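Here are my notes on the model you sent, as numbered points. Please read them next to the coordinates.

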Amino acid sequence: MSVRKKAAVIGLGHQALDDHLPGLADSQFAQLAAVCDTDSSKVGAQAQQHNVPGFTDIRSLLREVHPDFVIVAVPHHAGREVIEICAAAGVHVMKEKPFATSPAEAAELVALCAKTGIELMVTVQRRFHPVYTAAVQLLEQIGQPYLVEGRYTFHCPDPAAGWRGRASLAGGGALMDMGYHLIDLLIWYLGLPDRILADTSTAAHPDANYDAEDTALVHLAYDWGLYGSLLISRSAGPKTEQLTVTGPRGAVVIERGRVRRLAPDGQLIESLTREPAWPSAATAQIDCFCRVLDGERTNPSGPSTHVAHAAFLAAAYISQTSLTPADPKEYLL
């Protein structure tokens, strides 16, 4: 791969500034070619800082720059239109999660990517972080898991602020946004559950006007004997991100930047810590995507993979109690 691929970043919020732009700066195989946002002041600042052209219109960017791929980090409700515009131009897409805001949208985007032949990768960066990949090996040491517990919480002072407080724009609240990471880890490590029962709440700030849940509690079960729950909240501190999988030979505790294997009595057997935790994962995912585009690797986080995520979220939001992992597309009808 002698010529670095041209990448444009669409959406200049904190995700782009903290992860995607630094990730591109450290990439072996890609370089920043343009930036785009509806906010002209953000565009001007980042274009000047990175010495690249800036745009407020996606079609103009694609027409003038001809990027090999774009990294999309826009509000959830705007993602579909951006993908459609890029697909029409034959430009590949790395998209910030979630893949879609509804099961129907997920199914349509899968079909669109297949029809236009573009590659789309969802930026679930934990799959590209050494701590989370090490957990795959450690999970083999604890025997057949029978319990899984996940917690992802932090305190947001104003859950009604901006588009994230509106379910019609965000597709959901804490479960759709923060919870997507736990859902991705759960499906990656353990597969899609057979049964899901969820409750959501907007009670943390009774005086605020929002309908996207601030808290979600998901109970899940697998037919082979694994049970567990996920607690996701953007109103309850302290800031915590943890997934614990327990089997007859101990437990694996996975946290942001650290993974531990414990004996059945809770004593530490081994641990792995990685610092700095980010944005190395962003760089690894960008480089992987470049290899996917060159046909050197298959897409580990493509549209078909995230059909299962859409099925999980759909089941949770309607408190559906039956989910068939063999054919998650049933839940996209």
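1. Charge. The protein carries 27 positive and 36 negative side chains. The centres of the two sets are 3 Å apart. Please keep in mind throughout that this is a predicted model.

2. Overall dimensions. For a chain of 333 residues, a compact globule would have a radius of gyration near 20 Å, and the protein has 20 Å, so the two agree. Along the principal axes, the C-alpha atoms fill a box of roughly 60 × 45 × 40 Å.

3. Surface and burial. The accessible surface is about 14300 Å², and carbon and sulfur atoms contribute 49% of that area. Of the 333 residues, 53% are buried.

4. Secondary structure and contacts. The protein has 10 helices and 14 strands. Among contacts with a separation of 6 or more, 69% are between residues 24 or more positions apart.

5. Helix H1. This helix covers residues 14-25, which is 12 residues. The buried residues in H1 are Ala 16, Asp 19, His 20, Leu 21, Gly 23 and Leu 24. What covers these buried residues includes three strands, E1 (5-10), E2 (30-36) and E4 (69-72). The cover also includes two helices, H2 (40-50) and H9 (280-293).

6. His 181. Is His 181 buried or exposed? Its relative accessibility is 11%, and the cut-off for buried is under 20%, so His 181 counts as buried. The residue lies in helix H8, residues 179-190. Leaving aside neighbours within four places in sequence, His 181 is in contact with Lys 97, Arg 126 and Tyr 152.

7. Thr 273. This residue belongs to strand E14, which runs over residues 268-273. The relative accessible area of Thr 273 is 47%. As for Glu 255, it is 18 residues from Thr 273 in sequence, and the C-alpha to C-alpha distance is 9.4 Å.

Definitions and conventions. Residues numbered from 1 in each chain as written. Predicted model: local features only at pLDDT ≥ 70, side-chain atom pairs only at ≥ 80, totals over all residues. Heavy atoms only, no water. Helix = DSSP H or I, 4+ residues; strand = E, 2+ residues; numbered from the N terminus. Rg over C-alpha atoms; globule rule 2.2 N^0.38 Å. Buried < 20%, exposed > 50% of the residue type's maximum accessible area, 1.4 Å probe, protein only. Contact = heavy atoms within 4.5 Å. Areas by Shrake-Rupley, 256 points an atom, 1.4 Å probe, with all protein chains shown as cover. Lys, Arg positive; Asp, Glu negative; His and termini not counted. Charge placed at Lys NZ, Arg CZ, Asp CG, Glu CD. Expected span 1.5 Å × (residues − 1).
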